[in-house]
Amino acid sequence: MTRIEPVRPPYSPDVAERLAAMMPPGVPPIMLFRTFARNLPMTAAMSGWGGYELSARLSLTLRDREILIDRTCARCGCEYEWGVHVSFFADRAGLSGPQLTSLTHGRPADECWTDERDRLLIESADALHDSAVIGDDLWLRLARVFREEQLLDLLMLCGWYHAVSFTANGAQVSREDGAPRFADVAG
């Protein structure tokens, strides 16, 4: 049961403007953004950062970004945000069915991960989730593959999606129609 009811149309002009800025043209606002709109100053403040994280300005590739987001959301038990990202971005990011299963239920060593870069991203999301620290060995391996600006984006992206997961889980945001569930990619 949703704890904070999302705003519903017809939206006031300021809410409609904010929601339109958060979505691609012609796409109705998702439940999470409609929930955020219950606190419009907060929504306005976070829009810049959220927009950066999903933009081409992020120094990580779309695939990097989605591996980190899907793994972070899965580890946080945030089926809502995981489902949104799998629905909208998994195909564009080139994530296969076995890789989605692994991101949700598996390990970085699963055989579907043949690229060291992908495995490092999963290890990083796991380390940050488990201890909020990247150990020295993992950092050295990351630094051989990722530039400093990418490492900073990696750290902040994982933190951002912890915050998003905490909000979606805490407010018990209702799933989007047609969004996949964790069980849909069970091995």
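I count a residue as buried when its relative accessible area is under 20%. By that cut-off Asp64 is buried, because its relative accessible area is 2%. I am working from a predicted model.

**Entry 1: Asp64**

I looked for the salt-bridge partner of Asp64. The partner is Arg117, with the closest N and O atoms 2.6 Å apart. I then checked where the two residues sit. Asp64 is in helix α4, residues 62-75, and Arg117 is in helix α7, residues 116-131. The two are 53 residues apart, and the pair links distant parts of the chain.

**Entry 2: Glu79**

Which residue forms a salt bridge with Glu79? I found Arg181, with the closest N and O atoms 3.0 Å apart. Glu79 belongs to helix α5 (79-89), while Arg181 lies in the segment after α9 (148-171). Those parts are 102 residues apart in sequence, so the pair ties them together. I also checked accessibility. Glu79 comes out at 17% and counts as buried. Arg181, at 38%, counts as partly exposed.

**Entry 3: Glu149 and Arg147**

I turned to another pair. The side chains of Glu149 and Arg147 meet in a salt bridge, at 2.6 Å from N to O. Are these two residues buried or partly exposed? Glu149 has a relative accessible area of 39%, which makes it partly exposed. Arg147 is partly exposed as well, at 45%.

**Entry 4: the whole structure**

I searched the whole structure for salt bridges and got twelve. I also noted a network. Salt bridges link Arg71, Arg75, Asp126 and Asp130 in it.

**Entry 5: helix α1**

Next I took helix α1, residues 13-22. Which of its residues are buried? I listed Val15, Leu19 and Met22. Looking down the axis of α1, I found that its buried residues fall within an arc of 60°, so they line one face of the helix. An α-helix has 3.6 residues a turn, so residues three or four places apart point the same way.

I then looked at the face of α1 turned away from its buried side. Pro13, Glu17, Ala20 and Ala21 are the exposed residues carried there. Last, I asked what covers the buried residues of α1. The cover includes α2 (31-36) and α3 (40-53).

Definitions and conventions
Residues numbered from 1 in each chain as written. Predicted model: local features only at pLDDT ≥ 70, side-chain atom pairs only at ≥ 80, totals over all residues. Heavy atoms only, no water. Buried < 20%, exposed > 50% of the residue type's maximum accessible area, 1.4 Å probe, protein only. Helix = DSSP H or I, 4+ residues; strand = E, 2+ residues; numbered from the N terminus. Arc of directions from axis to C-beta. Contact = heavy atoms within 4.5 Å. Salt bridge = Lys/Arg side-chain N within 4 Å of Asp/Glu carboxyl O.
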